[in-house]
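Here is a friendly note to read alongside the model. Take the points one at a time, with the picture open beside you.

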Amino acid sequence: MSAFTPASEVILRHSDEFIERRVLFAGDLQDDLPAQLETALSKAHTQQYHHWQILSRTMGEHAYYGLVTTAAMAAECDTLIYYWPKNKPEALFQLQNLLSLLPIGSDVFVVGENRSGVRSAEQMIDEWATLTKIDSARRCGFYHGRLDKQPEFNAEDFWDEYAVDGLTIKTLPGVFSRDGLDVGTGLLLSTLNPHMKGKVLDVGCGAGVLSALLATRSPKVRLWLTDVNAAAIEASKATLAANQLEGEVFASNVYSDVTNRFDMIISNPPFHDGVQTSLDAAQTLIRGAAKHLNIGGELRIVANAFLPYPNVLDETFGSHEVLLQNGRFKVYRAIMGRGAKAKR
């Protein structure tokens, strides 16, 4: 993370404010400002594994990854700097969690891009803290208030579920496919034949719906599920458990923590990081697949039709095919042959 986001640049305009503060950074942390800003104490909690990987290099044990912030993480802090995410239910989950742990009188700062809906922060937490906008720059809003009342927080209250083909899909705020099976994943599923076998890696597993449906149709597959989002990891574990399915679920930044080779890699890869468009994860998924597929294994992904993945597939695998498409999405397949290029 070599450059600061617009939100962090707004915070830097007020850097003198934080020199003597003991700050807990949380929310949609997309750069290493928590490691760079001069404070009396800096801690950071993120639900995004790839953000934690960057922060932990310099912050060490003061950088935390997981679904919820704990009392130990918030200990000693008197100031919260919260980066607003694009997902409003996710913001409520995180802020209610964070504010339940900070002492009364703590300073609360919220920053985010206007297009992400950061204006909602004022109303969302007005029961616990009254926020006032203190700056507006770089198309961002920067708000400040003091914690007047600690909210009650119970992560169990935020769980939801829906049914697909008789399966129970467990979800949490911020998880992709939280409200139902999305069109792209449905298109990818329609290309998977029943009675498949072998080791399957589901990258960017979200709520686990893709793996759960695959395992139900093909009981002989062995599943590994990865995601960067801690909420997705917990949701996928809960989805498998709710349907008496087995699989190994773990956090990984694409292949960062993947050590095995597989007969198939499946994914509906993201093309956003927060509110920013980013093709990095999908391109890393394609290029790195050759290191993690057995000979004859395949990568099968679904993506918006306009995204430039065919060239990357051909560069890595030598060729690809489009299995199915509609007006918005294409399902791509590429086979691991001996000529495939094993790149990171």
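**Notes on the chain**

1. Buried means under 20% relative accessible area, exposed over 50%, and partly exposed in between (1.4 Å probe, protein chains only). Cys140, at 0% relative accessibility, is buried too.

2. A word on the source: this is a predicted model, where local features need pLDDT of at least 70, side-chain atom pairs count only at pLDDT 80 or more, and totals for chains, interfaces and linings use all residues. Residues are numbered from 1 along each chain as its sequence is written, and side-chain values use heavy atoms, with hydrogens and water left out.

3. How many disulfides does the structure hold? The count is zero, taking a disulfide as a pair of cysteine sulfur atoms within 2.5 Å. Such a link is a covalent bond between the sulfur atoms of two cysteines.

4. Now the whole chain: of its 344 residues, 55% are buried. The C-alpha trace spans about 60 × 40 × 40 Å along its principal axes.

5. You can trace 11 helices and 18 strands in the chain. These are DSSP runs, numbered from the N terminus: helices are H or I with at least four residues, strands E with at least two.

6. Finally, look at contacts (heavy atoms within 4.5 Å). Among those between residues at least 6 apart in sequence, 65% join residues at least 24 apart.
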